[in-house]
Amino acid sequence: ETGNWKLNVMPQTKPATSNDDEASMVARIPEKIQDQFTLFKSLPPEYSNSIIPSIESILATSEQTTVILDDDPTGTQTVYDIPVLTEWTSDVLIREFQRGTRAFYVLTNTRSMTPQNAAKVNSDIAKRVVAAAAQTAVTNGKNDKGANIVSFISRSDSCLRGHYPLEIDVLAEVIGGVDGHLVVPFFQEGGRYTIDDVHYCADDSAHLIPAAQTPFAKDLAFGFCNSNLRDYVEEKTNGRIKREDVISITLDDLRVGGPEVVRSKLSKLVNGAAAIVNAVSLRDMEVLALAYLQAEIFDGKRLLARSAASFVQARLGLAKRDILGANVIIGRGVEQQRKGGLIVVGSYVPKTTRQLESLIQSDIQTNLEKIELDVHCLIKSNDAKTQLLDQVLGKAENAISKGRNVVVYTSRKLLEGSTAAQSLEIGNAVSEALVSIVSRLTQQPKFIIAKGGITSSDVATKGLNIRRALVLGAAAPGVPVWRIGEDGKFPGMSYIVFPGNVGDDDELRNLVLRLATA
């Protein structure tokens, strides 16, 4: 989901549509690659006034609860002391509202689903959240419809992948319509910036690559053609929202005008209009978050946000926290520290492969047992698959019990289906194999790291049976740490969600070294 990566420019392609006029409407001239330092020097200085205290003040006096629907677990990478729910029964949601939780995540994992299933999951969760909020309000002696005291955020990919605008449309329908929604893909830790309406992904050489020219834009399920977010909105809505109707929150608005100017622009959103947000720093997000809160709570605007992780942090009024120390992450007794850790790698993005290579090459320093899963074998007969997984499990448990760290990783040749749905099926089959290994562990590892969005979601919910976890903070920039709740496998153990595309090529190796020596 996040992180810098090496320059690998992809050509722009025409969007999938049967209408050539629509295609020409959205497939525009590619934007130029920019030098990050030169471009940043040309920008106005950040808004100078402190913003977090104002956000905290509004949140402290508001009865609003923020519910973040996250399409994979990586969206928790900027927050701390916030619960994550992986199930959404009415009882679970009511219990969360009764706890007085002012913000919580619900892990939907919809990025691994078909549009139909993603729509159903979002609808089911939103309806139950609204009903739970209403029931809790009545229990507390208040008369409220629920939707009035819940603010939804649809957290998704900073590289513009995911079910947009579908998930926003579903949420808007459930809560009875909105004045507008914001598209906010900025993510500082990942080098995702929006400038002059163009969304960029920074590479390792300080180039800013227009998003549509990166490998992410070629995603079989969620590909796109436009880096300009106004064009992107028009493309993804199939022309329902025209680029000229999309409101742009500019860097001048955020840095020169400040919250008042941004709030004024948000007040102009009506009838489900769209706005896109430019940003290059967390202070930009804080200015936006304050204006967003003021528009919601003081002006009565009904808003939704389709955002990456940084907006969530600002919206919740969370100041930046230092990276967690290895001893805090491990948090175990002497006996547990003698065990080895487990690293599970399912992501196929180039960044993950390079990080895996770096980790494997450090096998002596990291005391590493390397176990490769042949993906071809996983999608063949059930007998061959079962035999392979049994062998891997036995080997992993033996190494962990002897204090060795184990990395279980899928073979690096990516198998793709002929359609997006078939590709998702292959990905899910691979994830199921990794889940099978984790779910059958009898030796509790010193730590578990899961690499990749779908992998980390399935390992959490199916492998570790996590129902509720607490986000402790980050093990590395953009790498969240969850403390497994009482209902999960290995309660109290740290589970590290390592996005497929985060950090430099040695980030995974360095993290394993830190944890192995703690």
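**Exercise 1. Determine how many aromatic pairs there are, and classify the pair F40 and Y193.**

Solution. Rings of Phe, Tyr and Trp (its six-membered ring) pair if their centres lie within 6.5 Å; planes under 30 degrees apart count as stacked, over 60 as edge-to-face and the rest as tilted. By this rule there are seven aromatic pairs. For F40 and Y193 the ring centres are 5.0 Å apart and the planes stand at 90°, so the pair is edge-to-face. F40 belongs to helix α2 (residues 36–41) and Y193 to strand β7 (residues 192–195), so the pair ties together parts 153 residues apart in sequence. Helices (H or I, at least four residues) and strands (E, at least two) are DSSP runs, numbered from the N terminus.

The model is predicted: local features need pLDDT of at least 70, side-chain atom pairs count only at pLDDT 80 or more, and totals for chains, interfaces and linings use all residues. Residues are numbered from 1 along each chain as its sequence is written, and side-chain values use heavy atoms, with hydrogens and water left out.

**Exercise 2. State whether F40 and Y193 are buried, partly exposed or exposed.**

Solution. Buried means under 20% relative accessible area, exposed over 50%, and partly exposed in between (1.4 Å probe, protein chains only). F40, at 26% relative accessibility, therefore counts as partly exposed. Y193 has 8%, and so counts as buried. Another edge-to-face pair joins F224 and Y232, with 5.7 Å centre to centre and 90° between the planes. Both F224 and Y232 are buried. Ring pairs also link F40, F186 and Y193 into a cluster.

**Exercise 3. Check the span of helix α16 and locate its buried residues.**

Solution. The expected span is 1.5 Å times one less than the number of residues. For the 20 residues of α16 (residues 382–401) this gives 28 Å, and the end C-alpha atoms are 28 Å apart, which agrees. The buried residues of α16 include K385, L388, V392 and I400. Viewed down the axis of α16, its buried residues fall within an arc of 160° and so line one face; the arc is that of the directions from the helix axis to the C-beta atoms. The face turned away from this buried side carries the exposed residues D383, Q387 and Q391. G403, which follows α16, has a positive phi near 85°.

**Exercise 4. Explain why helix α18 is described as largely enclosed.**

Solution. Nine of the eleven residues of α18 (residues 453–463) are buried, so the rest of the structure largely encloses this helix. Among them are T455, D458 and V459. Just after α18, N465 takes a positive phi of about 55°.
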